[in-house]
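Hi,

Here is the model I said I would pass on.

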Amino acid sequence: MADTMKGLKRTHYCGEVDIIGAEVVVGGFVQKVRNLGTLLFIDLRDRTGVVQLAFNDATDRALVEKVASCHMEYVLMAHGVVKERESINYEMKNGNVEIIVDDLRILAAAQTPPFEVQNETKVNEELRLKYRYLDLRRAPLQKNLMMRHEIAKVAREYFYDNGFIEIETPMMMKSTPEGARDYLVPSRVHPGKFYALPQSPQIYKQLLMVSGMDRYIQLARCFRDEDLRADRQPEFTQIDLEMSFVDVEDILEMCEGFIRDLFKKVLDVDIPTPLPRLSFADAMNRFGSDKPDTRYGMEIQDISHLVKDSEFGVFTGAIEAGGSVRAIVAKNAASVLTRKEIDKLTEMVRGIGAKGLAFVRWVDDAPGCSFAKFFSEEQLCTILAEIGCEKGDVALIVADKNKVTLPVLGALRQTVAKKLDLIPEGQFNFLWVTQMPFFEQDEETGAWVAMHHPFTMPEDDCIQYLDSAPEKVTAKAFDLVLNGTELSSGSIRITNYELQQKMFEALGMSEEEIEAKFGFLVEAYKYGAPPHGGMGIGLDRLAMVMLGAESLRDITAFPKVQNASELMSACPSVVDKESLDILGIQVTETEE
């Protein structure tokens, strides 16, 4: 039978015990038990660190027997006096002290865990996620969760100080298109009808501006039924904000102030503002991505003008089809990017849409070139001089339509940077990507569809092109990017009723569809809406990049894996027939 806490009250966390001579009470999990004959030691762990409990030949025998019965992960409380250790453990925060224990309580015994709780572990992630509560006892994950807490704390304080009001919006709402599939919640009271979990609080926060709340903030839970990856979970938190009587500059300035405040308070890092900006077109042309990592160079270069008159059909064919020929140059990479490695890169780019990969690998006095027979030595020298390719370098070239060439080279740029170890650690390169295209063309139907939600305001001088030239329309929209990760999207919203109707028409929406999906918002605009805009900053992604974590799973307490299941609780799970009958739902079995 376990001991009780009666008569003991914790006075210190384990990692905070440091005053010699102090009488303390600590509680925590057993990290390690060491029996050296007349001396026994227990390393006791809590979220702040580890402290050594010491027992010697003066310790009561009954207490010694209790210590001998302790094993890893037992839950203990101990009372004693802090003494200086004879042998200092420099790997522990308070490794110069120990507690000479005179009262020990075993509050809970523990079975042998499926893996040892250690800061550094090689245990496979699937097992750790199944026993996530044990995995979360490890200091690295606890540190991550505490960092996430600090970000949330600073966010609330900053926006409160700037006049924002925290308002909760519904977790069950009307299903509206937001770019991903909704998670649906069936209604018992309204058979055959469904709520949707919010992909974002977009419509509600706009209605709060219509209601006159002026500045809204919420740490909003959001849900999207989409394929998972390292920086995506089906449920996530965004620092969601909206402001009235503002334009783009006001929102960017407010967000930059938050970023500057956050990094100084949490990491003691100074982020210079204003943050750099790139138009969407420049980001794609230079980096092949709308979320470029600018911590290293290797920018994309257009060499179409140098090869358009060549006899190489791969290059000329791409240009004649309206595409381009573009290159990246990996400096001093010839020893790493061997022919075998280039073959692997070729397979990689073919897997993401390219027809192939041309290259120049300059090892010896003369460069090795995969397309040399189509160019004279003089022509090749001209190309290499213009792109800055020298002895020891490797140039990688893709020819195709721009919608293929640019993102393929963007992905190739990232892969090569990792191979060459070009990405500096501990550096934070923020970037605003602005002047977003308003529409994108569906490849199959040719129809123009919104790149953003349908309430995004077009740039003032682009409204004239809504009907005649949709490819010329840019949006008052902006993304915040950090080290190649998109942290947020935001925009100024349409508040003019007639313009909103025109926008719906441009997107091919019928009156019935508009009414069914957005009728209540359109109706609200009839009663006067102040100009407003806002953004949502991904709290989870922000924490991931600040911590240098590889996946959102590292900063989420109970994450989902790639198939959107949660291994510890084994959800999603089957629901009994009675519950389904109440909701009027019948499940059709399908083959796995």
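**What I found**

Leaving out residues up to four places away in sequence, S304 touches I319, S324 and V325. S304 itself sits in helix 8, which covers residues 304–307. With a relative accessible area of 11%, S304 is under the 20% cut-off and therefore counts as buried. Keep in mind throughout that this is a predicted model.

Now the overall picture. The protein has 592 residues, and 47% of them are buried. There are 16 helices and 24 strands. Of the contacts between residues at least 6 apart in sequence, 67% join residues at least 24 apart. On the charge side, there are 66 positive and 93 negative side chains, and the centres of the two sets lie 4 Å apart.

In soluble globular proteins, nonpolar side chains tend to be buried together. Here the largest nonpolar core has 96 residues, and F258, F263, F430 and L542 are the ones with the most contacts inside it. Helix 6 (residues 248–267) gives the largest share of this core, nine residues. Apart from it lies another core, of 25 residues, which includes V24, L76, V82 and V97.

Leaving aside residues up to four places away in sequence, L542 touches I151, F258, L262, F263, L482, L487 and I537.

**K93, out on a loop**

K93 lies in the loop between strand 4 (75–84) and strand 5 (97–108). Is K93 buried or exposed? Its relative accessible area is 64%, over the 50% cut-off, so K93 is exposed. Even so far as contacts go, K93 has partners: beyond the residues up to four places away in sequence, K93 touches G15 and T48. Both come with a polar contact to a backbone oxygen. The side chain of K93 reaches the one of G15 at 3.5 Å, and a polar atom of that side chain lies 3.3 Å from the backbone oxygen of T48.

**P234, tucked away**

P234 also lies in a loop, the one between strand 9 (215–223) and strand 10 (235–244). Its relative accessible area is 3%, under the 20% cut-off, so P234 is buried. What does P234 touch, leaving aside its neighbours within four places in sequence? The contacts are with Y183, C222, F223, R224, L228 and K560. The C-alpha atoms of P234 and E84 are separated by 50 Å, and the two residues are 150 apart along the chain.

Most residues other than glycine have a negative phi, and most peptide bonds are trans. A few spots here are worth a look with that in mind.

- The peptide bond from T273 to P274 is cis, with omega near 0 degrees. P274 is in the loop between helix 6 and strand 11 (277–279).
- C571 and P572 are also joined by a cis peptide bond, with omega about 5 degrees. P572 is found in the loop between helix 15 (539–547) and helix 16 (577–583).
- D268 has a positive phi, near 55 degrees, and is not a glycine. D268 lies in the loop between helix 6 and strand 11, and its relative accessibility of 55% is over 50%, so D268 counts as exposed.
- M298 has a positive phi too, near 55 degrees, in a residue other than glycine. M298 lies in the loop between helix 7 (280–287) and strand 12 (301–302). At a relative accessible area of 11%, M298 is buried.

That's everything from my side.

Cheers

Key. Residues numbered from 1 in each chain as written. Predicted model: local features only at pLDDT ≥ 70, side-chain atom pairs only at ≥ 80, totals over all residues. Heavy atoms only, no water. Core = buried A, V, L, I, M, F, W, Y, C linked by side-chain atoms within 4.5 Å. Buried < 20%, exposed > 50% of the residue type's maximum accessible area, 1.4 Å probe, protein only. Helix = DSSP H or I, 4+ residues; strand = E, 2+ residues; numbered from the N terminus. Contact = heavy atoms within 4.5 Å. Lys, Arg positive; Asp, Glu negative; His and termini not counted. Charge placed at Lys NZ, Arg CZ, Asp CG, Glu CD. Polar contact = N/O pair within 3.5 Å; in protein donor to acceptor, adjacent residues only side chain to side chain.
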